[in-house]
Amino acid sequence: MIGADSELRYLKGVGPRRAAALSVQGLDSVEDLLYLLPFRYEDRRSFARIADLLPGAAESTLSVTVDEARLIHTRRRGFKIFEALLSDESGSVKAIWYNQAYLERVFKPGRRAVLFGRLTPTRYRDLVLENPDYEFLDDEDAEGVHTGRIVPVYRKTADLSSRVLRQLLHRALSDLDPGSLPELVPPAIAERHGILSRFEALRAAHFPERDARLADLQERRTAAQRSLAFEEIFLLQLALALRKHGFKQESRGMAYEVPDALR
């Protein structure tokens, strides 16, 4: 377990280099990272069949088996293409990734995976899945982070892609001690307005439940998003009230004696 105030370099998958890059963006602790909220969501819950894919159509989620895989060394120096032949009960499709040679170690024949991508034509008129998101069903993450759910999409931060940030945030929420994230809204006020706890709100904002409505998420209408918005407005109002109180205290302390001659 980690605490909300733990330095990001202690979160698995971050390390000193990424932590330094994130710090430049004002993200120093696990709590800071948790408030890096998605700017949109993608619905990857419904599975399509390979035979039903059409070029130019919307991105689809596929449950496939790896049939073949190979790394292609091109004539261009330092440029490599990884290619995998994937299949389901309806047919097969080729997927390609650019300059990701490490995929040769994980895309093994017979391994099952879930992919999310769009069928696109190549310069040779072949139809392929180009740079699709992927996730292996035998991975340690049984919940699924990148596919098979409503997936959060993040703006690139500190040169970290949305996929990497998604993985880090999922790990942070999985490893976090909820007790280390104190409530900022008083319990009576939270109860009156139906506000979720900070941990519940952050977890649902990053990784919504399977029955969540995409439209509500996109329009920021879910209970989790409302709770986080309420918290932000509450803190703003509190800061303004404290500032106003400070001005009153300051004005009280500056009393001047007025002599009769001046009157």
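Trainee: Which residue in S6 does serine 63 stand opposite?

Mentor: Serine 63 stands opposite valine 114 in S6. Strands here are DSSP runs of E, at least two residues, and helices are runs of H or I, at least four residues, numbered from the N terminus. Two strands pair if DSSP finds at least two bridges between them. S3 (residues 60–73) and S6 (residues 112–117) pair in the antiparallel sense, over 6 bridges. This is a predicted model: local features need pLDDT of at least 70, side-chain atom pairs count only at pLDDT 80 or more, and totals for chains, interfaces and linings use all residues. Residues are numbered from 1 along each chain as its sequence is written, and side-chain values use heavy atoms, with hydrogens and water left out.

Trainee: In which sense do S3 and S4 pair, parallel or antiparallel?

Mentor: Antiparallel, over 8 bridges, with S4 spanning residues 80–88. Arginine 70 has glutamate 83 in S4 as its bridge partner. Their hairpin has 6 residues between the strands, and there glycine 78 takes a positive phi near 80°. S2 (residues 47–48) instead pairs with S3 in the parallel sense, over 2 bridges. Phenylalanine 47 has threonine 61 as its partner in S3.

Trainee: Which residues of helix H1 are buried?

Mentor: General idea: an α-helix has 3.6 residues a turn, so residues three or four places apart point the same way. Buried means under 20% relative accessible area, exposed over 50%, partly exposed in between (1.4 Å probe, protein chains only). In H1 (residues 15–24), Gly15, Ala19 and Leu22 are buried.

Trainee: Why do they line one face?

Mentor: Seen down the axis of H1, the buried residues fall within an arc of 65°, so they line one face of the helix. That arc is taken over the directions from the helix axis to the C-beta atoms. On the other side, Pro16, Arg17 and Val24 are exposed. Glycine 26 follows H1, with a positive phi near 85°.
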